[in-house]
Amino acid sequence: MRSRGFTLIEMLLGIAILALISGIAVTSFSNYRQKEAVDKGANQIASLFEKARYQTLSARAGSVYGVQMATTTAILFQDTYSAGATTNTKFTIDPSVEISYSFTGGTNEIKFNKFTAETTATGTITVFLKADSTNKRIITIYSTGVIEQQ
C-alpha cells in the first residue's frame, strides 16, 4: 500500500517552478519601475516648461518665466534665476534617472517671451536611466515655445 503525500523530488520540482516564476515576475516589475521612473521624469520636466510658458503668456505677476536645468533637477523661476528665490519651483528627479541637456548658446536655462511665447534658446533634454542609457525620453524645445516629447 502506498502512502499519500508528496515525494522529495515532487516538492523540489514545485519549489523550482515557483522560484522561476517569481524570478520572472521580479525582473518584469523592476523593468517596469525603471521605465516608469524615466517616463515620470520626462513628463514632469515637460510640464514644468509648459507651466513656465503658460505663466509667461498669462502675464502672471507681470513677469517672464523660465526653467533652469541641472543633471538631477529642473527649477521653474520668475524673471531671473536666483538660487534662493522663494518663487522658485524645484523638481528633483528620481535617483535612478539622470538629465542631460543641450541648449543653443551653451546655456542651462530657457525663458519664454512675454508676448509671443518664443524661447530665449532651443534644444533637447534627455531623461535617461543611469544603469541603462538606452532607456530614455527626449524632450525638444523649439523657438516657437512648443515642447515635444519622444
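A residue counts as buried when its relative accessible area is under 20%. Keep that cut-off in mind, because 5 of the 6 residues of strand β2 pass it, so β2 is largely enclosed by the rest of the structure. One caution before I go on: this is a predicted model.

Let me stay with β2 and its partners. On one side of the pairing list is β1, which pairs with β2 in the antiparallel sense over 5 bridges. The two are joined by a hairpin through 3 residues. Within that pair, Met 69 stands opposite Ala 74 of β2. β2 also pairs with β3, residues 89-92, again antiparallel, over 4 bridges. There, Ile 75 stands opposite Lys 90 of β3.

Now the helix. Helix α1 covers residues 8-57, which is 50 residues.

Which residues of α1 are buried? They are Ala 37, Val 38, Asp 39, Gly 41, Ala 42, Ile 45, Ala 46, Leu 48, Phe 49, Ala 52, Gln 55 and Thr 56. For background, an α-helix has 3.6 residues a turn, so residues three or four places apart point the same way. You can look for that spacing in the list.

Next, the sheet. 4 strands form an open sheet in the order β4-β6-β7-β8, with antiparallel pairing. β4 and β8 stand at the edges with a single partner strand each, so one side of each has no neighbour in the sheet. Neighbouring strands are turned by 20 degrees against each other on average, direction ignored. The β4 and β6 pair has 7 bridges, and Ile 99 has Val 127 of β6 as its bridge partner. Helix α1 packs on this sheet, touching β4, β6, β7 and β8, and its direction makes about 15 degrees with that of β7.

In soluble globular proteins, nonpolar side chains tend to be buried together. Here the largest nonpolar core has 27 residues, and Ile 45, Phe 49, Met 69, Ile 125 and Val 127 have the most contacts inside it. At least two residues come from each of α1, β1, β2, β4, β6 and β7. α1 gives the most, with 8 residues.

Val 127 shows how these parts meet. Leaving aside neighbours within four places in sequence, its contacts include Val 38, Ala 42 and Ile 45, as well as Val 97 and Ile 139.

Technical notes:
Residues are numbered from 1 along each chain as its sequence is written. This is a predicted model: local features need pLDDT of at least 70, side-chain atom pairs count only at pLDDT 80 or more; totals for chains, interfaces and linings use all residues. Side-chain values use heavy atoms; hydrogens and water are left out. The expected span of a helix is 1.5 Å times one less than its number of residues. Buried means under 20% relative accessible area, exposed over 50%, partly exposed in between (1.4 Å probe, protein chains only). A nonpolar core is a set of buried Ala, Val, Leu, Ile, Met, Phe, Trp, Tyr and Cys residues joined through side-chain atoms within 4.5 Å. Contact means heavy atoms within 4.5 Å. Two strands pair if DSSP finds at least two bridges between them. Axes are lines fitted to C-alpha atoms, for helices over the stretch in contact, and angles run from 0 to 180 degrees between N-to-C directions.
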